Amino acid sequence: MRQNRKLPYDPSEPLQSALPERIAVMPVKSTVIFPTGATGLQVGFPPNVEVLGLQPGKSFVVGLVTTDDEDLPIDPTALEKVGVLARVLNRLNLPGGLVQATIQGIIRIQLEGIRFENGYYTGFPKLVEETAVEPEEADRLIEKILTTLGGIGAKIERLADVPRVLRQNIGDPGRFADLVATLAHFSVAEKDEVLQRLAVRERLLCVLRVLEAEWEHLRDRGETESEGQGERAPGRSADRTSDIRKQISALQAELGEVDPSEREALEMLRLIDRSQLPASVASVARREAERMRTTPPSSPDAGEIRSYVEAVVELPWERMSDGGTIDLEAVARALDEHHPGAPDLKRRILEILSVATLRGSLADLVPCIVGPPGVGKARLAAAIAQGLGRPLARVELGGRGEAQLAGGRRARPGAQPGKLISAFRDAEVRDPVYLLEEIDEVGLGNVEGDPAEVVEEFLDPANRAKFIDRYFDIPFDLTDAVFVASATDFMRIPRGIRDQLIEIRLAGYTPEEKVDIASRRLLPELIVEHGLEPGDLELDGDALVYLTRGYARDAGLGLLRRGLSSILRYIAHQKATGGRRPWKLSRGMIEEVLGIPRYPTTEAESSPEVGVVTGLAWTASGGELMFIEALKMPGSGRLIITGLLGEVMRESVSAAYSYVRSRATPLGIPAAAFGENDLHIHFPAGATPKDGPSAGAAVTLAIASSLSDRSVRHDVAMTGEVTLRGRIMEIGGVKEKILAAYRAGLRKVILPSGNERDLRDVPDDVRTGMTFHFVNRMDEVLDIALLPKKRPRRKTAERPSAAHPPTRQAARGKGDSDG
């Protein structure tokens, strides 16, 4: 039995950047294996058979070098040239002393110090450095090679498909030249000449010279090789088209010109190769680029193909941000910096990210920040992105149709990628913080298709790994993105989407919080935006408080920002025209620029009135005051309700009227008052739709006040639903309603007892600065808010006129009306 000799290195170890000190060398005469190429060889040369037997059952590396002589002994110095470091993958012993081996090329090497010992050749391998070629020169040479090869393919059938294969592999010019030498059936000597060229430009020129020589030879012969095809039947359209294309290719090779469509296709293929797309995506893109070869560059189809390929290349299929893992401390710092206060909201965001950190996935954790406009929902998402070290992608969903979100089919004219997938292209990474804005407005209005279904599919954890935009028709992986949604009304979000969201409420700001935000962040930012310097503006006393209370009582910062921007534009104009600095932001300047205050103190806030009650309402813009007016007038007992009310609120008014009628005696209301008077209930701001039962207590109080002629306290606001039996039921939106009362200067609020627990959501400074009355029954509300009836002054008796006869209430005396 033959003994296996040990090599001076372990050839089965993976190849590292440092080559083995000495390797076995196999001289080969029949072929040349290029780097990254692989082939099967039948080896009978004794030294090479000896090498293949050194490591049975293992793969190992050897040096391959081309030789012209297989007769022993081969001059070792003739083998000292550029060869290929190759891996022997498997071997099969054949009859006659032959060995079948699969060999894969790895890299070019320079072989030195070749010697024959122990029955085979060994040598020292050295890494070689290939000289790159300028991209423009490489593109020119590749185009010329493909054009010449196209002409040769028109003459030689077996090479007809080679140009199409080569077009898919033009990203690396050096490897492209090796592939041409392999696929175009170069001789062994010609292949070895290509192998020896370390300068890529010289390698391309070498390939081009061989092809041009072959083309000249074919042109001189004037013959067409047709292996096994036979004569074609004349008159067949497909054959005629093929012949014409071959003639065109031959003529282009003859003239040395590149077809414009061919050049366009090559540019696209180069772009695809340089973009390093995933294999499945690159395959689709290359198929589209190949269509350009048969499409005139000026046609609409060419423009559509060009746009599609560019859009595919621009998407970050595998590109990730530098953010890495979730850093909770960094997110907490960013939230504190961007959004002072709101500790509960920040805690809930950090809780969601903590679960994602422990679980390693954000698949079904989508926080939805719910709050009125201008409270900083988008700013919170930006803070999360900053803390995670990722870019922010944003898509506004309101008013978008199905095709706008999910993309249009390419068969439709003017089709484009959807907004949802395009946001990843703008962010340039596959794992951004992705903000879905106005998610409660998806599908509203006159929109095409069903956009809500698209958003539901987009957020569905089961579809995250393979979301398909209809324009691209290629699965895109969404699993690494951090999704955040924003809305003004959580219950308006379609149920299928709402079930995938985690609601996080963000209420409005108090006047004090607005002043603090304006002085610390908003005003300095706006000064820079308007081209001013910090020293150009001085604050005068309580100017910001005056601006906030008189011009910016909204829940967010929108009106305050617009007011400050108007003032700063005024100052910028003064500065640009040579005015003196600094300018003082005072009440006088505010009124000069913005006019009289938008929110003056109303009569309902300044003095008690009969039939006027201050209620509290919740809207998508936050909490608001709602003044309810009741007016008694002679009539027949009709109940008139105005103010663009919904069905629920109308029923609430009817229930309130019935309750007051049942409590007429304790309230001092004559029984005849209900039949001899009409009662008009009005909700101001008649153009604004209103609905819901929470105004029941305020409506009941307004009716009782009007019918009993007793004034209502002007310093009390209230909210609560009332039953026919007078029970006060709890309601929602307590935090927003309390903040609305606080912003309006009201410091006393009547709430249902069941809502006492909701005070924990109210900021501490607001809660400690207000008085809350928690009630269970309507009688308690009447006792708190109704003032005693004023006794009328005695006047000289006058004879009633015929136009105004005395009412029954007056005739019955004061005892009945005092109650």
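## Exercises on a sheet and a helix pair

Helix α16 (residues 451–459) lies across β9 (433–437), β12 and β13, and its direction is at about 160° to that of β9. Keep in mind that this is a predicted model.

**Exercise 1.** Work out the strand order of the sheet and find which strands stand at its edges.

*Solution.* Start with the order: 5 strands run β8-β9-β12-β7-β13 in an open sheet, with parallel pairing. Now look at the ends. β8 (392–396) and β13 (501–505) each have a single partner strand, so one side of each has no neighbour in the sheet. Going from one strand to the next, the twist averages 25°.

**Exercise 2.** Zoom in on β7 and β12: over how many bridges do they pair? Then say which helix packs on the sheet by touching β7 and β13.

*Solution.* β7 (residues 366–370) and β12 (residues 482–487) are joined in the parallel sense over 3 bridges. Take Val370 as an example: its bridge partner in β12 is Ala487. The helix touching β7 and β13 is α12 (residues 343–359), and its direction makes about 160° with that of β13.

**Exercise 3.** Describe how α19 and α20 pack, and list the residues that make the contact.

*Solution.* First, the geometry: α19 (residues 543–551) and α20 (residues 558–576) pack at about 125°, with axes 10 Å apart. An angle between 115 and 145 degrees is neither roughly perpendicular nor roughly antiparallel, so α19 is oblique to α20. Their crossing is right-handed. Next, the contact: α19 brings Leu544, Leu547, Thr548 and Tyr551, while α20 brings Leu559, Leu560 and Leu564. Sorted by type, that gives 6 nonpolar residues, 1 polar and no charged.

Methods
Residues numbered from 1 in each chain as written. Predicted model: local features only at pLDDT ≥ 70, side-chain atom pairs only at ≥ 80, totals over all residues. Heavy atoms only, no water. Axes fitted to C-alpha atoms, helices over the stretch in contact; angles between N-to-C directions. Helix = DSSP H or I, 4+ residues; strand = E, 2+ residues; numbered from the N terminus. Parallel < 35°, antiparallel > 145°, perpendicular 65-115°, else oblique. Left-handed = near helix turned anticlockwise from the far one by under 90°. Contact = heavy atoms within 4.5 Å. Nonpolar A, V, L, I, M, F, W, Y, C, P; charged D, E, K, R; others polar. Pairing = 2+ DSSP bridges.
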